[in-house]
Amino acid sequence: MSATGTYRRRKSTPLTRGFIAVGTGAAALLLPLLGAHTASAAPAQFAATAPAAQSATYTNDLDGWIKESLAVMAEHNIPGSYDSIHRNIMRESSGNPRAINNWDSNAAAGTPSKGLLQIIDPTFRAYHVPGTSMDSYDPVANITAACNYAAARYGSIDNVFGAY
């Protein structure tokens, strides 16, 4: 047997020819819809016209503050989960970002616990995370600094089940 016979193209069947015809017709109909008129453009031009990545937006409520804090924490490798942050916020402030404790030992010493996770100002400043507000009442800054503190002290906010 000659070597040329093994490379011979197989004969197509009527069914195969039908698929090719239908496929070609469908492509002819869809190409204008898919922007085939710009097919001659260089690939670099497509990259330049690609939509820019949009930054995430968060709601201005407890859910949004926790999610935004988690995004900042991820950027800084600070561990923590939504459920643990929420659990601790509900215990510490019932979700009130303006909460302040004026009666405990910290308050008696002149540094009351503040915000969603009831952090005192010296701890807030020590564990503040860049990119967040320097206001300890700011919900995202408060959560992120408190979680940074909890990570340093307990390994993660996930390990905090009581006052810290």
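Q: Contact means heavy atoms within 4.5 Å; on that basis, which residues does Thr 144 touch, not counting residues up to four places away in sequence?
A: This is a predicted model, in which local features need pLDDT of at least 70 and side-chain atom pairs count only at pLDDT 80 or more, while totals for chains, interfaces and linings use all residues. Residues are numbered from 1 along each chain as its sequence is written, and side-chain values use heavy atoms, with hydrogens and water left out. Thr 144 is placed in helix H7. With residues up to four places away in sequence set aside, Thr 144 touches Ser 69, Val 72, Met 73, Val 129 and Thr 132.

Q: Is Thr 144 buried or exposed?
A: Buried means under 20% relative accessible area, exposed over 50%, and partly exposed in between (1.4 Å probe, protein chains only). The relative accessible area of Thr 144 is 0%, so this residue is buried.

Q: With which side chain does the side chain of Thr 144 make a polar contact?
A: A polar contact is a pair of N or O atoms within 3.5 Å; within protein, one must be able to donate a hydrogen and the other to accept it, and residues adjacent in sequence count only if both atoms are side-chain atoms. At 3.4 Å, the partner of the Thr 144 side chain is the side chain of Ser 69.

Q: In what order do the secondary structure elements of the chain run from the N terminus?
A: Helices (H or I, at least four residues) and strands (E, at least two) are DSSP runs, numbered from the N terminus. The chain has seven helices and two strands. Their order from the N terminus is α-α-α-α-β-α-β-α-α.

Q: How many of the residues of H7 are buried?
A: H7 has 16 residues and reaches 21 Å from its first C-alpha to its last, close to the expected 22 Å; the expected span is 1.5 Å times one less than the number of residues. Cover for its buried residues includes H3, H4, strand S2 (113–114) and helix H6 (121–127). H7 is mostly covered, and its buried residues number 12 of 16.

Q: At the start of H7, a side-chain oxygen of which residue reaches to within 3.2 Å of the backbone nitrogen of Val 140?
A: Val 140 is one of the buried residues of H7. The side-chain oxygen that reaches to within 3.2 Å of its backbone nitrogen belongs to Asp 138.

Q: Against which helices do the buried residues of H4 pack?
A: In helix H4 (residues 82–92), the buried residues are Ser 84, Ile 85, Asn 88 and Ile 89. They cover an arc of only 130 degrees around the axis, so they lie on the same side of H4; the arc is that of the directions from the helix axis to the C-beta atoms. The helices that they pack against are H3 (62–75) and H7 (139–154).

Q: What distance separates the C-alpha atoms of Ile 89 and Leu 117?
A: Ile 89, in helix H4, counts as buried because its relative accessibility is 0%. Not counting residues up to four places away in sequence, Ile 89 touches Leu 62, Ile 66, Ser 94, Gly 95, Leu 116, Leu 117 and Ile 143. Although Ile 89 and Leu 117 are 28 residues apart along the chain, the separation of their C-alpha atoms is 5.3 Å.

Q: What is the relative accessible area of Asn 77?
A: Most residues other than glycine have a negative phi. Asn 77, in the loop between H3 and H4, has a positive phi near 55 degrees. Asn 77 is exposed, its relative accessible area being 70%.

Q: What is the phi of Ser 94 near?
A: Ser 94 is found in the loop between H4 and strand S1 (100–101). Ser 94 counts as exposed because its relative accessibility is 57%. Its phi is positive, in a residue other than glycine, and is near 55 degrees.

How values were computed. Contact = heavy atoms within 4.5 Å.
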